[in-house]
Every structure is written in structure tokens, then in C-alpha cells.
Amino acid sequence: MSLSLKIHDVSVLYPGQQKGQPVRALSGVNLDIAAGDFVVALGASGCGKTTLLNLMAGFIQPSSGVITLGDYHGLVPARIHGAELRDQVTGPGAERGVVFQKHALLPWLNVIDNVAFGLKLRGIARAERYERAMHFLQLTGLAEFRDHATYQLSGGMQQRVGIARALTNDPKMLLLDEPLGALDALTRERLQELILEIWQRTQKMMFFITHDVEEALFIATRLIIMSPRPGRITHEFAVDFGQRFLECRDARAVKSSPDFIALREQILSIIHGDEEAA
Amino acid sequence: MSLLDEKQRNAVLRTLNELRRAAPARPGEQYGAPGNGSSLLLSFGTVCVIVALWFLATRNGWIKPLFLPSPQAVWAQIVDVSRDGFADASLLTHIGWSALRVFGAFALAALTAIPVGILMGVNRVARGVFDPLVEFYRPLPPLAYLPLVVIWMGIGEGSKVLLIYLAMFAPLALSARAGVKSVAIEQIHAAYSMGASRGQVLKYVILPAALPEILTGMRIAIGFGWTTLVAAEMVAATAGLGFMVLTASKFMATDVVIMGILMIGVLALLFDLGMRWLERRLVPWKGRG
């Protein structure tokens, strides 16, 4: 099976406030995400990263253009058009799991019930729900906190619950909207490694938003840089620092290697250019 | 300036400066958080002081018993009325009727107003239809529409329950609506992207998220209910705490009036304590989501 998410010439217009001009949040965006891709979007604020993620999740609809998620392997080009219509993303669905920055856990459920929530929605019996949820709690290192209230956990642990919860539904794709943005530097680095390991094990399609250039370089296989006014993709880099880490297990060595630093500076200057133009 | 020498002036200024600053935080407190510390002992002290003043004022004859009977006289009335009754009904009958009216109206209001409020929160049409109705009658004092309720429903139980019901409907509906609005969009999005249907989002996300506000609304509503009780029992009641107080006032039986007030107060307080207990049990996550 070769699944891919395709974004064809997508634009998003937000109606202007009080007779103002409509705001072009995204303009002519094209992006193909294939199985095994770890795509990270980076850019100055207002560049439309979150809009792009919301489109993929199905929380908003494009003003023009099409988004599809399907298996196009072996399809002859003439038949792709029909397949795309069938596979068009028109709303949220369990095949696209989302991890939010915060406020997304359900505080009336304990940790394991949060993680098993998607299975409950599908009517799966409690014993099986818990068994499957425990697997992902172990994967994220939360097994001993299964009965805790979510609000008793630290920010980093809450984000692990969010990741475990998304994984339990076995989505084809994981959309992460600045999932580590509110965490301290040490927790952040540990979770970056955890996310890389999960990606290596599951080979799910990943789309990850961040403000942090180092984080983006470290975990991406494809790094896209977006610019504001109108929001669009301006650069794309293929990177492999994550794979290097998975081989050598030494994050500091990877992050302090000369090519990492060189690329980091190059990307920072692009983003600073955008911010100064604003 | 001539009144104080420099040293004294500095001392005064220093004291003033210290008063302008928040007190240093004690262990377990946040510096500058409004209302730091436990107030339980102080509350207990207030009650003791009031009761003591009441004792003194009546014992020393500062106030005539017609205006304020002594605590002993009120206690004697409690014993007396619970044994012999007042106005052809025992104290338990009075309490029973009032509780039946208030809690009956509360049950009816909760069963109707909470669904209406939730519907107003989640549905544009329902909000548009109900909003002007609720917002118009909400600020009206129940005494103002009491005559209308009597004309419509007569002087039986129906009009009493309806009056209390109406007083409770608005706070319950509005709190349920506010509760629905308090749910974080991330929680709703998370549920949808785990494959939830609209019904499941309502049941598993919106309703639990609205529960803290609904419980607060219930506490406010039951308070409105007790407030309205006396007005409701003005009309052709033969039993009830409000009726008892009104009847006693006609005979200048101030001790019975105060006893009735205390009874209503104690009942309302007990219910509120029960609701707070329920809040701790049902929504321990309130304010910590």
C-alpha cells in the first residue's frame, strides 16, 4: 500500500474584518506527503502553518483547490481524477490523528480513558480498549500513570498522553500542531526523540508544525519553510538528521555537527528575512 | 509638619508604605494573590459575635421583643411549633410543603431548562428562538408576574410551582448555555479527529465540559427558588414556611417569623453544602482542565 496526502493548488481566504480586504491565509499551496515522510513546517508567525494543518485535519475547508488522502499506487493517470474525488478530505476523520499544543485532553477522564477514548467512540469493549491503550501508554512511558487525572500531570506528560491518544486510533497520518511549543528545553528534547522513535516504528505520515529551527531540522525528513502575506511554501529541504540520531543515539552530536549548524543558520536567515519584511 | 519631628514622620511614612504593599506570602500561599488564607475561623467568629450580640441586646432590653425576640424565645418557638404546630399545621408539614414546592419546581426546571440551555449553546436556531424570551423575562421580579400567574393558573399548587419554576428557569438555561460555550475548540476537534459523530461529541465532550457551569447554575437557581417561595405562598396557601412567616407577621409573632427565616436559611444552606459536595465528587477537575 502506498498512501499519500496530496494538496493541489490550495488557497484559503479569510473574510476581512469590518469591510477590510479579505486576508489570504494561504495562496497556491502544493504539497505531497507520502508514507514514511516526516514533514515539518517552519515559518514566521502568520505564514499559514496552522491553517495548512487545519486543512489537512479537515477543520477548515479551502477556498479553492483540493486535498486528498488515498492510495494512488498503480493507478493510471486517467483514473486518478476519479479516485481523488472519492478520497477528498472534507472533514476530520480517524485516519488523520491530531496532537494539539494544549487544552485538548478531556480532564473528566483519567489518563487511560483519554488514551482509549477513540476506541470507546468505536464501541470497543473496555477490556480490549484498555489493553490497546496500555500498549501506547508503555510506548510513551506513561504506564504507571494510567489512573492519574490528566491535570495532575506535568506539561510534558500531558503531551505524551495526547500523542498516545492519537496513536491508539492507528491513524494513517499524524498531524502535530506545535506539540512541544509549551514545554521546557529538556522535556522538549526528550519528546523529540520519542516522536522520532514512534515514527521509526510505525512509519506513519507525519506533519509537524514548530517555531523552533533546531527542532525542525532534527526531526524532519522534509523541511518546508513558509512565508507570510500571502501564506505560501517558499523553500523545501531534504534532511536526515533524525535518521542519523536513530542510528547513533547521540542527539547532541547530531545537533552540533557542522552541517546541522550551517543549515540551521541558513534557515534562520530566511525566516529573519521574512520577519523583517513584515 | 510641626506636630511631628522627622523621625516620627519617617515612621508614619514607613507604616503607610507597608500598608500599600501586599503582606509577605506564608508557606503554601502566592504573594499578592487576592484573598490569601483560610477564612473559616473568621466566619465562625462572625456567627458567634452576632449570636452573642443578639443575646445581649435582648437580655438587657436594648430592643423590645416585638422587634427582636430573644434567642431563647425563638428556640422555645421551634420546640413549641414542632410539637403543636402553627396555623393548623405542624412544623414538619410547613417544611414539607415548602420543600415540595421548591424541589418539585427545581426538578421540573432542571429537566426542561438545562436541555433548552444546551440546545441554545449548540444550535443557532434554538438560540435565536429562545434568547429574546429568556432575556426578556429573566430580569422581571417574580412578584411582578405573580398576578398574571394567578389569573392563568388559579390559586392552587400549580401557580405556586409555576412561579418558582419560572424564577429558576433562566439561571439554569443560561448556565447550561454558558457551559456549552466554555468547551475548548481543541477538545471538540480532538474528538472529531478520533472519529466521533456529532452525537458523540455532544455526549462525551460538550456535556461533561458544561457540567461545572450547570452545577453552579443549579446552586444559583435553588437560591432564586427559596427567594420566590414566600411570594408564591402569599397566594392562598394553607401550609409552608413562607405562609407561616407571613401569617405570623400578621399576628406580630416576631419569634415565629425569625424561626421561619432560620428554617429557610438552614434548608438552603444544607442543600448548598450538598451541592458543593456533589461538585467535588462530579467535577474535581473544575478550573484545572
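The points below cover the conventions, a sheet, a helix pair and a chain contact.

1. Conventions. This is a predicted model, in which local features need pLDDT of at least 70 and side-chain atom pairs count only at pLDDT 80 or more, while totals for chains, interfaces and linings use all residues. Residues are numbered from 1 along each chain as its sequence is written, and chains are lettered from A and ligands numbered from 1 in the order in which they are written.

2. The sheet in chain A. Three strands form an open sheet in the order β2-β1-β4 (chain A), with antiparallel pairing. Strands here are DSSP runs of E with at least two residues, and helices are runs of H or I with at least four, both numbered from the N terminus; two strands pair if DSSP finds at least two bridges between them. The edge strands, β2 and β4 of chain A, each pair on one side only. On average, neighbouring strands of this sheet are turned by 10° against each other, direction ignored.

3. β1(A), residues 3-14, is joined to β4(A), residues 64-71, by seven bridges.

4. How do α5(A) and α6(A) pack? Helix α5(A), residues 126-139, meets helix α6(A), residues 155-168, at an angle of about 140°, with the axes 9 Å apart. Axes are lines fitted to C-alpha atoms, for helices over the stretch in contact, and angles run from 0 to 180 degrees between N-to-C directions. That angle makes α5(A) oblique to α6(A), a label for whatever is not under 35 degrees (roughly parallel), over 145 (roughly antiparallel) or 65 to 115 (roughly perpendicular).

5. Who touches whom in that pair. α5(A) contributes R132(A), A133(A), F136(A), L137(A) and L139(A), and α6(A) contributes A164(A), L167(A) and T168(A). Contact means C-beta atoms, placed from the backbone, within 7 Å.

6. The chain contact. How many residues does each chain bring to the contact between chain A and chain B? Chain B gives 16 residues and chain A gives 21 residues. On the chain B side, α8 (185-192) and α9 (198-232) each supply at least two residues. The largest share of that side, five residues, comes from α8(B).

Methods: Two residues are in contact if their C-beta atoms, placed from the backbone, lie within 7 Å.
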